Amino acid sequence: MGDAMNQAMNDKWDGRFLDLATFIAEWSKDPSTKVGAAVVRPDRTVAAVGFNGFPRGVLDSVERYQDRPTKYEMVVHAELNALLSTRESLEGYTLYVAPLPPCSQCAAATIQRGIRRVVIAMPAELPDTWAQKWEISSTMFAEAGVEVCVRPPRTRAG
């Protein structure tokens with residue numbers, strides 16, 4: 001009974017922090033892709049949040065976001081924004097990401113910062129380019145001993 005209660009409590013908190021990552025994603029000015037991330041301490045307090053966008057101080061005009069080659073070169077991914085937004089050690093923390101999985105570069109940064117668990121709200125079907133990136137990232141996480149939990153996106157009632 002104790003293990004089932006602990007799992008239910010973990011599921012509840014995971015859902016809350018995935019909701020937070022989904023909310024944070026809406027802060028992105030990117031009209032085509034909005035991703036959010038939250039770094040959470042073991043005591044379930046938020047250490048940092050991030051969304052995909054241009055670095056602080058860099059002009060983030062609609063024209064730049066619509067110019068895909070420029071956008072891809074300038075955007076800082078949500079996960080990296082969250083990881084860079086805190087100076088504290090992230091050893092043993094959890095990273096929550098929605099609605100797309102981390103790319104290999106974000107996976108590498110996540111591993112390097114000491115994150116031990118990654119929880120992702122993502123659809124069952126990913127576009128081919130994202131599926132390929134996720135395959136590489138999930139391999140990296142597995143080799144580095146990072147626990148990964150993939151969950152379907154939640155509805156507001158869920």
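The radius of gyration I use here is taken over C-alpha atoms, and the globule rule is 2.2 Å times the number of residues to the power 0.38.

**Entry 1: ground rules.** I am working with a predicted model, where local features need pLDDT of at least 70, side-chain atom pairs count only at pLDDT 80 or more, and totals for chains, interfaces and linings use all residues. Residues are numbered from 1 along each chain as its sequence is written, and side-chain values use heavy atoms, with hydrogens and water left out.

**Entry 2: overall form.** I looked up the size of the protein. For 158 residues, a compact globule would have a radius of gyration near 15 Å, and the protein agrees because its value is 15 Å. Along the principal axes, the C-alpha atoms fill a box of roughly 55 × 35 × 30 Å. I also noted contacts (heavy atoms within 4.5 Å): of those between residues at least 6 apart in sequence, 64% join residues at least 24 apart.

**Entry 3: elements.** I found six helices and five strands. Helices (H or I, at least four residues) and strands (E, at least two) are DSSP runs, numbered from the N terminus. From that end, the order is α-β-β-α-α-α-β-α-β-α-β.

**Entry 4: burial.** I call a residue buried under 20% relative accessible area, exposed over 50%, and partly exposed in between (1.4 Å probe, protein chains only). Buried residues are 38% of the 158.

**Entry 5: strand β3.** Which strands pair with β3? β1 runs antiparallel to β3, with five bridges joining them, and β4 (residues 117-121) pairs with β3 in the parallel sense over four bridges. I count strands as paired if DSSP finds at least two bridges between them. I then checked burial: five of the five residues of β3 are buried, so the strand is largely enclosed by the rest of the structure. T94, Y96 and A98 point one way and L95 and V97 the other. In a regular strand the side chains alternate between the two faces of the sheet.

Entry 6: Most residues other than glycine have a negative phi, and most peptide bonds are trans. Where is the cis peptide bond that I noted? A cis bond joins A98 and P99, with omega about 0°. P99 lies in the loop between β3 (94-98) and α5 (104-112). I also stopped at R44, a residue other than glycine whose phi is positive, near 65°. R44 sits in the loop between β1 (36-40) and β2 (46-51), and counts as partly exposed because its relative accessibility is 32%.
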